[in-house]
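Please open the structure in your viewer and keep the selection tool at hand. The stops below move from the whole chain to single residues.

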Amino acid sequence: MLTKKQLDLLNFINTRLQRDGVPPSFDEMKDALDLRSKSGIHRLITALEERGFIRRLAHRARAIEIVKLPESLGGAPSGFTPTVIEGDAPASTPASAIPVIQSGIANLPLMGRIAAGRPIEAINESPPNFAVPGQMIQGNAPHYALEVRGDSMIEAGINDGDVVVIRESNLADEGDIVVAQVEGYEATLKRFRRRGGMVVLEAANPRYEPRVLPEGSVSVQGRLVGLIRTY
């Protein structure tokens with residue numbers, strides 16, 4: 001059973017999809033439900049996901065799959081056909097796959113741009129292949145590449161314009177440099193730390209203050225395993 005706020009949010013997302021073909025932003029969801037902050041929307045979306053009504057899609061900005069609707073919103077008891085809410089990402093984003101190394105080279109999807117500065121809605125471009133040395137591939141897991149924008153990680157040797165190689169994972173150890181998704185749609189490259197029940201996203205540039213966020217508002221999308229620089 002859904003709470004009134006959960007039902008209102010699900011109805012709002014479904015209505016906007018039917019009307020516009022694109023989802024509402026977190027700000028629009030917040031305003032529609034008369035909430036004070038986007039963290040409340042994040043909690044509602046997490047609750048809907050846990051109850052099996054929606055599913056968030058990895059590496060696609062603001063993309064949500066509606067898995068089912070309650071009967072009060074016109075959903076059938078069974079047999080509901082899922083619909084993808086596309087956000088800013090293309091429908092052509094390929095499914096994650098373990099890289100194949102041939103002649104010492106692995107071709108990874110270049111998933112878009114990641115902010116090493118203020119968070120942006122990243123990972124939102126059609127992914128061409130990007131060739132990386134095979135030794136950058138760590139273990140039997142999917143990998144992808146991202147182009148860095150910003151200077152907040154320069155003291156970790158990561159500059160604007162570099163391409164980082166990311167091993168897909170939702171786990172991080174203390175001090176790992178990770179792709180962190182904030183509030184379900186902002187993505188940034190930062191060093192990951194925990195402080196009590198909070199997550200600290202730490203820059204490697206004294207010009208940038210650490211971001212301290214509730215643990216539930218941050219999801220790890222992968223860990224840095226390599227870097228490529230073009231001169």
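Predicted model: local features only at pLDDT ≥ 70, side-chain atom pairs only at ≥ 80, totals over all residues.

Residues are numbered from 1 along each chain as its sequence is written, and side-chain values use heavy atoms, with hydrogens and water left out.

**Whole chain.** Colour by secondary structure to find three helices and 13 strands in the protein chain; helices (H or I, at least four residues) and strands (E, at least two) are DSSP runs, numbered from the N terminus. Of the 231 residues, 48% count as buried, where buried means under 20% relative accessible area, exposed over 50% and partly exposed in between, with a 1.4 Å probe and protein chains only. When contacts (heavy atoms within 4.5 Å) between residues at least 6 apart in sequence are considered, 60% of them join residues at least 24 apart.

**The helices.** Select helix 1 (residues 4-20) together with helix 3 (residues 38-50), which pack at an angle of about 85° with their axes 10 Å apart; axes are lines fitted to C-alpha atoms, for helices over the stretch in contact, and angles run from 0 to 180 degrees between N-to-C directions. Helix 1 and helix 3 are therefore roughly perpendicular to each other, a label that covers angles of 65 to 115 degrees. Helix 1 brings Lys 5, Gln 6, Leu 9 and Leu 10 to this contact, and helix 3 brings Ile 41, Leu 44, Ile 45, Ala 47 and Leu 48.

Next select Lys 30 in helix 2, a lysine that counts as buried at 16% relative accessibility. Not counting residues up to four places away in sequence, Lys 30 touches Leu 35, Arg 36, Ser 37, Lys 38 and Ile 41.

**Two loop residues.** Most residues other than glycine have a negative phi. Then go to Ser 103, in the loop between strand 4 (101-102) and strand 5 (105-115), where phi is near 55° and the relative accessible area is 81%, so the residue is exposed.

**The strands.** Is Val 163 buried or exposed? At 8% relative accessibility, Val 163 counts as buried, and its place is in strand 8 (residues 163-168). Beyond residues up to four places away in sequence, Val 163 touches residues including Leu 110, Phe 130, Ala 145, Gly 226 and Ile 228, and its C-alpha atom is separated by 6.5 Å from that of Arg 229, which is 66 residues apart along the chain.

Pro 133, in strand 6 (residues 129-133), is partly exposed at 28% relative accessibility. Leaving aside neighbours within four places in sequence, Pro 133 is in contact with Gly 104, Ile 105 and Ile 228.

**A ring to finish.** Select Phe 53 and Lys 68, and you will find Lys 68 over the face of Phe 53, at 4.8 Å from the ring centre; a charge sits over a ring if NZ of Lys or CZ of Arg is within 6 Å of the ring centre and within 35 degrees of the ring normal.

Conventions
Parallel < 35°, antiparallel > 145°, perpendicular 65-115°, else oblique.
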